[in-house]
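Morning, everyone. Please have a look at the model on the screen while I talk. I'll go through it piece by piece.

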Amino acid sequence: MPTGSTMPRRGRLCGLTCASAVAASMLLAGCGTTVPVQGSAMPDAGVATPGGAVGTGLGGQPRATAATGGRGGASQTAQTTVGATEGPASAAATETKTTVATRRAAPYKVGLLYSSNAQAALGALGARGDVGDWKAEGDAVVGYINAHGGMGGRRLVAEWYNADATQKSSDIGNAACVAWTQDDHVDGAVPGGSIVDMNSVRSCLAKTSTPAISTEYHVQTRQRGFAENRYWVEPFGIAMESYAKTYVDGLAAQGFFNGAKLGVLYDDGADWTTVERTVLERELSRLHVGVAARASYELRDFSQVGSAEPAIDAAVLQFKSKGVNRVISFEPWVGWGFFMIAANQQKYLPTYGLSSQTAWTASYATGLVPDEEMTNAYYVGWSPVLDLKSPGPQWPRLRLCDAIYQAAGIQRNGALAEAIALSTCDGLLDLAALGDAVGGALTSSTFARAVADVSWQSALVPRMSVSPARPYGITLVRPARWRTSCECFVYTGPAAAATR
């Protein structure tokens with residue numbers, strides 16, 4: 001537990017909502033429940049993405065069905081399958097012309113991140129939950145890709161960076177990038193995880209024009225950030241400005257602001273403060289919603305939990321004294337969770353408006369979110385895996401990732417581990433698809449063409465769209481409400497387009 005902290009152990013929220021290449025998919029997936037959730041799947045959940053129908057690979061080319069574990073890709077010429085009794089290890093032992101050619105081609109070195117002390121850091125907060133074995137999960141997906149033709153005929157080689165989860169998120173991001181670019185000399189990277197500041201990773205990788213697919217599920221990047229690094233995509237992300245509008249509009253459509261005395265929580269960093277004032281509050285003003293109180297704090301990683309407590313306690317007192325009855329959160333990490341803990345201790349029970357930015361299911365799985373604070377909560381969701389106890393019928397990419405992990409004998413124990421594992425699987429399969437689209441020559445010069453050529457899929461999001469002009473994938477959101485009877489969110493309406 002970070003030193004200097006005075007908050008009782010039982011009152012701590014998982015700052016980790018998880019983790020990294022992790023990130024897994026936008027965390028969640030199931031909690032093991034088999035009870036169907038109303039409206040759990042997005043419309044057309046079985047459709048990969050615009051331009052890619054069910055039964056096609058990430059490159060939009062025909063592939064084996066998800067049931068057989070086929071990956072597919074634009075340049076794939078042969079493949080083996082992962083069936084009920086055959087896993088990536090046994091598949092790799094099956095010699096084919098494709099796998100032989102893959103071994104002979106120059107390998108493609110990919111930077112990946114894991115944390116050997118993330119589980120301990122989570123436990124130090126008094127939280128429960130298993131984060132899983134990130135490295136084993138990533139190695140399983142790399143093994144699967146290599147057994148099925150590699151990345152456009154090139155074998156993937158993982159270059160792992162072991163992050164200290166107790167360090168500042170910006171320090172982790174910088175150190176990982178330096179290790180990848182200066183020591184390992186990677187060809188590409190698949191960074192992720194809420195313990196990592198993606199802005200620092202993105203800025204660092206831009207200096208070497210290193211192609212990267214972020215598996216982060218927390219919004220962190222402004223529009224200008226994407227413009228500053230043209231070799232960076234966030235398949236299950238959304239630009240900060242678009243998120244601000246989508247979040248407000250999604251809550252407004254549900255009547256959340258009716259009769260509201262609104263309190264806004266936000267990160268005190270320059271980007272979040274600027275977008276909160278110039279985008280989020282302007283959208284509120286356009287909708288004739290006033291702000292009764294604002295509170296900001298710096299809480300982006302485990303190292304800041306103790307130092308943020310006074311500001312969070314003060315925010316609760318301020319909101320309570322001003323009669324705030326509706327609270328929204330605009331921040332990159334999980335300050336909202338610590339606010340709920342402090343509010344519960346002070347017997348303050350406003351109605352919250354949340355979103356997939358909170359990676360809800362994984363956060364709730366820590367056992368630290370007070371149930372009383374969730375009464376009547378509203379939600380704007382874009383990931384059934386992160387939003388619901390059960391994501392409903394599986395779509396192709398989710399089935400494929402499940403098949404890879406099952407064949408490798410990897411257990412995902414709970415929502416935290418599931419989210420991390422799925423995000424890792426997503427990022428690596430996306431990287432392979434991009435390489436397939438350009439015959440393995442995925443470089444800064446071919447990156448944009450590859451992004452435009454593949455049909456993007458995700459285990460976390462049933463339907464998405466990524467292009468060079470819009471290098472983030474979230475396009476649809478759904479309204480949801482908290483149900484005390486199941487201690488879960490339930491989708492309450494059809495999907496609507498995310499606000500541009």
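Which way do α8 and α9 cross, left-handed or right-handed? The crossing of α8 and α9 is right-handed. By definition, a crossing is right-handed if the near helix is turned clockwise from the far one by less than a right angle, and left-handed if anticlockwise.

A word on the source. This is a predicted model, where local features need pLDDT of at least 70, side-chain atom pairs count only at pLDDT 80 or more, and totals for chains, interfaces and linings use all residues. Residues are numbered from 1 along each chain as its sequence is written, and side-chain values use heavy atoms, with hydrogens and water left out.

Back to the helices. Two packed helices are described by the angle between their axes and the distance between the axes. Here α8 spans residues 240-253 and α9 spans residues 270-286. They pack at an angle of about 35°, and their axes are 9 Å apart. Axes are lines fitted to C-alpha atoms, for helices over the stretch in contact, and angles run from 0 to 180 degrees between N-to-C directions. Helices (H or I, at least four residues) and strands (E, at least two) are DSSP runs, numbered from the N terminus.

Who touches whom? On α8, the contact includes Met 240, Ala 244 and Tyr 247. On α9, Trp 272, Val 275 and Leu 280 are among the residues in contact. Contact means heavy atoms within 4.5 Å. The contact residues divide into nine nonpolar, no polar and six charged. Ala, Val, Leu, Ile, Met, Phe, Trp, Tyr, Cys and Pro count as nonpolar, Asp, Glu, Lys and Arg as charged, and the others, Gly among them, as polar.

Stay on α8 for Ser 242. Is Ser 242 buried or exposed? Ser 242 is buried, at a relative accessible area of 1%. Buried means under 20% relative accessible area, exposed over 50%, partly exposed in between (1.4 Å probe, protein chains only). Leaving aside neighbours within four places in sequence, Ser 242 contacts Thr 499 and Arg 500. Its C-alpha lies 9.9 Å from that of Ile 474, which is 232 residues away along the chain.

Next, backbone angles. Most residues other than glycine have a negative phi. His 185 has a positive phi, about 55°. This residue sits in the loop between α5 and β3, and it is exposed, at 53%. His 288 also has a positive phi, near 65°. His 288 lies in the loop between α9 and β7, and it too is exposed, at 76% relative accessibility.

Now the strands. How many of the five residues of β9 are buried? Five of five, along residues 351-355. Thr 351, Gly 353 and Ser 355 cover one side, with Tyr 352 and Leu 354 on the other. β9 pairs with β8 in the parallel sense over three bridges. Two strands pair if DSSP finds at least two bridges between them. Arg 326 has Thr 351 as its bridge partner. Three bridges also join β9 to β10, again in parallel. There, Ser 355 partners Val 380.

Last stop: β11 and β12. They pair in the antiparallel sense over four bridges. Ala 480 stands opposite Tyr 491. Four residues lie between the strands of this hairpin, and Glu 487 takes a positive phi near 50°. Both faces of β12 are covered, with Cys 488 and Val 490 on one side and Phe 489 and Tyr 491 on the other.
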